[in-house]
Amino acid sequence: MKNIAIIGAGTMGNGIAHTFAQFNYKVSLIDISEASLEKGMDTIARNLDRMVAKEKISEADKTKTLNNISTFTSIKEGVKDAHLVVEAATENAVLKGKIFKELDKVCNENTVLATNTSSISITQIAAATSRPDKVIGMHFMNPVPIMKLVEIIRGYNTSNEVMETIVALSKKVGKIPVEVNDYPGFVANRILMPMINESIETLYNNVAGVEEIDTVMKLGMAHPMGSLQLADFIGLDVCLSIMNVLYDGFKNPKYAPCPLLVNMVMAGKLGIKSGEGFYDYATSRKAEKVAKMFS
């Protein structure tokens, strides 16, 4: 596998493109929005600049990485020579189904189709194609160029050959693959999201404030950031989407999203991406100031 196509130029998509390109794979970055592609490439360039400044890579490495990426607004054109397609679109089952149905039509019959979904069933996504044996989950962690873990999720029909190929490929780009089975939330988010949701419940029930909850998690649990800060970083809309997948998948009330989380998403308070969540990011992307409604 040398030609990799990435669907979606957002945070995860451009991070995945960056990672493959840095390891000298030819990458097609695909998005229906030219503006999103420009923003994605700008993000990759800035992240590479930081790596150059820290002397982790050379200026020549940066140039080579950027030259390994081509951008497309057409899925058909972008995946034409792809050996692997990694879909990194919005966490929405209907949207992903439509994308995979199109990919199945326009990709070579031997192309492996992967999804970066953080919670949606691989088996469900694969059902939109005529090649469920070649559909697999590759759940990268954010920020992709830095985080080592990749959850490799086997759908009900994923072949052993595809599983072995993707595990080997993940190692070639400096990641540590962990094989998991296809259940809602997989491993990472089945554990992480209920913890974040419970932190929001703790705030909702006035047990403690935003800073107090996050301080307990950082100092008491040795987490690098507090649960509420992490929720803002991930995006509260993404957190809600994953909680809904868990709740729908297991029909267990312990996975019901906190009403505060639901209301914040409806109000457009999504965290860093909207400028406000549990913290106020009007002047800094760091969680330094608690949002007005919680202060």
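## The second largest pocket

A pocket here is an open set of grid points, on a 1 Å grid over the protein atoms alone, with protein on both sides within 12 Å along at least five of seven lines. Its volume is the space filled by probe spheres set on the points. The model described is a predicted one.

By these terms, the second largest pocket holds about 190 Å³ of space. Its lining is made up of 16 residues, and Asn3, Ser28, Phe72, Gly78 and Asp81 are those nearest the centre. Two or more lining residues come from each of E1, E2, E3 and helix H4 (75-78). Sorted by class, the lining has six nonpolar, six polar and four charged residues.

## The sheet

Strands of a sheet pair through backbone hydrogen bonds, in either a parallel or an antiparallel sense. In this model, eight strands form an open sheet in the order E3-E2-E1-E4-E5-E6-E7-E8, and the pairing is mixed. Strand E3 (69-72) and strand E8 (176-181) are the edge strands, each pairing on one side only. On average, neighbouring strands of this sheet are turned by 25° against each other, direction ignored.

One pairing can be followed in detail. Strand E1 (residues 3-7) runs parallel to strand E2 (residues 26-30), and five bridges join the pair. Within this pairing, Ala5 is opposite Ser28 in E2.

## Helices on the sheet

Helix H2 (residues 34-53) packs on the sheet and touches E2 and E3, with its direction at about 160° to that of E3. Helix H5 (residues 93-106) lies across E1, strand E4 (84-87), strand E5 (112-115) and strand E6 (135-140). The angle between H5 and E5 is about 165°.

## Two helices in contact

Helix H8 (residues 188-204) packs with helix H12 (residues 259-266) at an angle of about 95°, and their axes are 8 Å apart. Angles of 65 to 115 degrees count as roughly perpendicular, so H8 is roughly perpendicular to H12.

On the H8 side, the contact involves Asn197, Ile200, Glu201, Leu203 and Tyr204; these meet Pro259, Leu260 and Leu261 in H12. By class, six nonpolar, one polar and one charged residues make up this contact.

## Backbone details

Most residues other than glycine have a negative phi, and most peptide bonds are trans. Asn24 has a positive phi, near 70°, and sits in the loop between helix H1 (11-22) and E2. The peptide bond from Asn142 to Pro143 is cis, with omega near 0°. Pro143 belongs to the loop between E6 and strand E7 (149-154).

Key: Residues are numbered from 1 along each chain as its sequence is written. This is a predicted model: local features need pLDDT of at least 70, side-chain atom pairs count only at pLDDT 80 or more; totals for chains, interfaces and linings use all residues. Side-chain values use heavy atoms; hydrogens and water are left out. Two strands pair if DSSP finds at least two bridges between them. Helices (H or I, at least four residues) and strands (E, at least two) are DSSP runs, numbered from the N terminus. Axes are lines fitted to C-alpha atoms, for helices over the stretch in contact, and angles run from 0 to 180 degrees between N-to-C directions. Contact means heavy atoms within 4.5 Å. On a 1 Å grid over the protein atoms alone, a cavity is a set of points where a 1.4 Å probe fits but cannot get out, and a pocket is an open set with protein on both sides within 12 Å along at least five of seven lines; lining residues have an atom within 4 Å of a point. Ala, Val, Leu, Ile, Met, Phe, Trp, Tyr, Cys and Pro count as nonpolar, Asp, Glu, Lys and Arg as charged, and the others, Gly among them, as polar. Angles under 35 degrees count as roughly parallel, over 145 as roughly antiparallel, 65 to 115 as roughly perpendicular and the rest as oblique.
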